[in-house]
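Here is a friendly note to read alongside the structure. Take the points in order, and keep the viewer open as you go.

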Amino acid sequence: MLWVKKIIIVFVNTLLISAAFAQQHPNRHKIDSLKNLLPSTQAVARIDCLNALSEEYWWPPRVLPDSISCWAKLAYVAASKIDYPLGLATSNMHLGVAEIYRKNFLTAGKYLNQALQTFDSIHNELEFGWCKLWLGQTLYAGNNFTDAIASLKISLPILNKYGDGEGEGKAAAWLSFLYEARGDYDSSFYYCTKSLQIRRRMSDDVCIAGALTNMGHLYKNAGAYDDALDYYYQGMQYANTHGFNVYTTNWNNIQESIGIVYRLMDKPDSSLYYLNEALQIDPENPVTRLSFGETLLLQKQHNEALKVFLELLDHFREENDQWDLMRVLLDVGGTYEENQNAQVALPYTLEGFSIAVKADAKPYMMQGYLSLSKIYKQLQKNDSAYFFIQRYISLKDSIDSKQFLWRLTNYKKHIDFKKQLEQVTLLEKDNNIKEEKLKNAALLKWALIIGLLVLGMSSVIIYRSLTLKRKNEKLKSEHEQAMLKQSATELEMQALRAQMNPHFIFNCLSSINRFILKNETEAASDYLTKFSRLIRMVLTNSNKKFITLEDELDMLKLYLDMERLRFKDSFDYSITFTNSIDAGNVFVPPLLLQPFAENAIWHGLMHKQGQGHLEIDLSLEDKTLTCMITDNGIGRSQSAMLKSKSTGSQKSMGLHITTERLALLNKNMDKQTHFSFEDMIDAEGNSAGTRVILKMQYKDLMESV
């Protein structure tokens, strides 16, 4: 009955494990897969693998520019050696991407332009589209908005043509940023919506949260601050709901954006709260620190704000980050102007204003017009002050009108868009409910299957029980098999314990006693020491199925040394290896050789006139250990005659038990373990001794564990 219960348990566990795996679909990490593949690749395949590894470090939420560069440089070196154009262009593009994330935009542009030339020459349109995308991002950072838009508009249809949603969504998002910065809110809204739709189609949760944040930027710049906050909070909630933290990504920080909106709403306390939260996440983020300084300026903390701005000024110059350089220059100029230091304020403001004009960044052009008007008024240059205030009013009216008209014309779009978001949220909830139902249905299905199996097994058990009661012969057969197994176990234990002939032990003790009576204390001590070591080794190894050949030979040597002492060195012995044998890595059953040595001494060498000799030769071949035990004793014929005349001799069970042990051993081994006797004849035809040849299959270290 026990075996049936075990089958049920194993079967049920298997089903439960299968059910668990059916509910999970773990994907192997691509980076680990590529690293495992890399050692087996060469030439072009190796370069492609290196570039693929580099690309895997592009993506949020954890972008690692150093890792991008590391793998890309290896790919570039390898591609240069074999002149592989695609490998060179791809690695150049990846090196450019790494420099973008490091904000080294001039270096990034050099790498990307080199890559573009090669992609164009080898007609690789898809990679050309990706390279144009990254170049557009680089141009955006350099405030070259016109060229950035042109580059991204080349990229977008190419990526759409090849169905690359990842690149298409990214290009649309950057076009939204660019049009937003230029005050073209209709185009910005179009591309922002397009990016969000692409991300939703791809089920890209990280980028969906990012697209919601981008929509918040759009409404912020359009002056719809409440709607901007609404989108920021939606992005935050979406991120938390889907199990990741947007704040750890490499995009504009949501909390920083919320802080900026509160500053624009003239709520500096709320602004500082969110900006401090953002700085706790990334204290060294220069853009967040810039926003923090702008809020300090709003609170009229001029000295603190100016300290922040001046620390960041050189940083943005070194990075050639024209956008943030424009912001900080205008902020420095505005701070000096509010401190009535117009002479110092003027060059900062003019430099920042010129960058804004070049980029056609209308909100910052408007800030520049107002600052310049105030500065020239302090310098008592009223004509210039009047000129710039007129330009400020004109541009402000234009922007305000555009913002108002955009909010008015897009009110319905905004409502429809929010309805779409609500529908998507409801759809996600509905999908979650359906997934939960499917999981429950799967569990119910497995429970039903398990129940049927248990019922079926129970029926089998009941049927078998009734059948067994009517079949006494089967019960008797099972009982006999159990008895045979028990007998085999007892026989194996008997073999281990009975290897040492009780007669031998008695003789050993008698010999020790004789040495003591003769006052041969040194011989008695030596003999007793060897005897105790041998008994200890026998007891230690008696519970082991296999021991090393080294331990087996140690026991055999101890036994032979004691027999030599007892018989006053009437024989000698030698143990040799025919070929190279690692005795510590060869495992054999314990006390298997001793009975053969004992038989040779007692029945061959003990009755020999003159010096006896026992040779033990061992060799390995084809997983088989061969042991030849040769003695120059009286031979088996004379030994049998002497044995028949002796009536008081102790019958040795060693060889009999060894035979049965070998039979048990053969049941579990592919090769047969056996022994045979050979009678040795000299040149005159007389008996010259006996040879036993024992062949056994041994185990090595790993098999014995």
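1. Let us begin with a term: a contact means heavy atoms within 4.5 Å. With that in hand, look up valine 328, which touches Leu290, Phe309, Leu312, Leu313 and Phe316, leaving aside residues up to four places away in sequence.

2. A word on the source. This is a predicted model, in which local features need pLDDT of at least 70 and side-chain atom pairs count only at pLDDT 80 or more, while totals for chains, interfaces and linings use all residues. Residues are numbered from 1 along each chain as its sequence is written, and side-chain values use heavy atoms, with hydrogens and water left out.

3. Now the overall picture. The protein chain has 29 helices and seven strands; these are DSSP runs (helices: H or I, at least four residues; strands: E, at least two), numbered from the N terminus. Of its 705 residues, 45% are buried. Buried means under 20% relative accessible area, exposed over 50%, and partly exposed in between, using a 1.4 Å probe and protein chains only. Among contacts with a separation of 6 or more, 65% join residues 24 or more positions apart.

4. Which residues touch the most other members of the largest nonpolar core? They are Met93, Trp134, Phe145, Ile258, Met326 and Val328, in a core of 113 residues. Another core lies apart from it, with 45 residues, including Ala524 and Ile629. Such a core is a set of buried Ala, Val, Leu, Ile, Met, Phe, Trp, Tyr and Cys residues joined through side-chain atoms within 4.5 Å.

5. Next, the cysteines. A search of the whole structure finds zero disulfides (pairs of cysteine sulfur atoms within 2.5 Å). Cysteine 131 counts as buried because its relative accessible area is 0%, whereas cysteine 70 is partly exposed at 41%.

6. Most residues other than glycine have a negative phi. Lysine 568, however, has a positive phi near 55 degrees, and leucine 591 has one of about 55 degrees. Lysine 568 sits in the loop between helix H25 (549-566) and strand E2 (571-577), and leucine 591 in the loop between strand E3 (587-588) and helix H26 (594-605). Are they buried or exposed? Lysine 568 is exposed, at 57% relative accessible area, while leucine 591 is buried, at 3%.

7. Finally, find leucine 452 in helix H21 (residues 411-470). Leucine 452 is exposed, because its relative accessible area is 53%.
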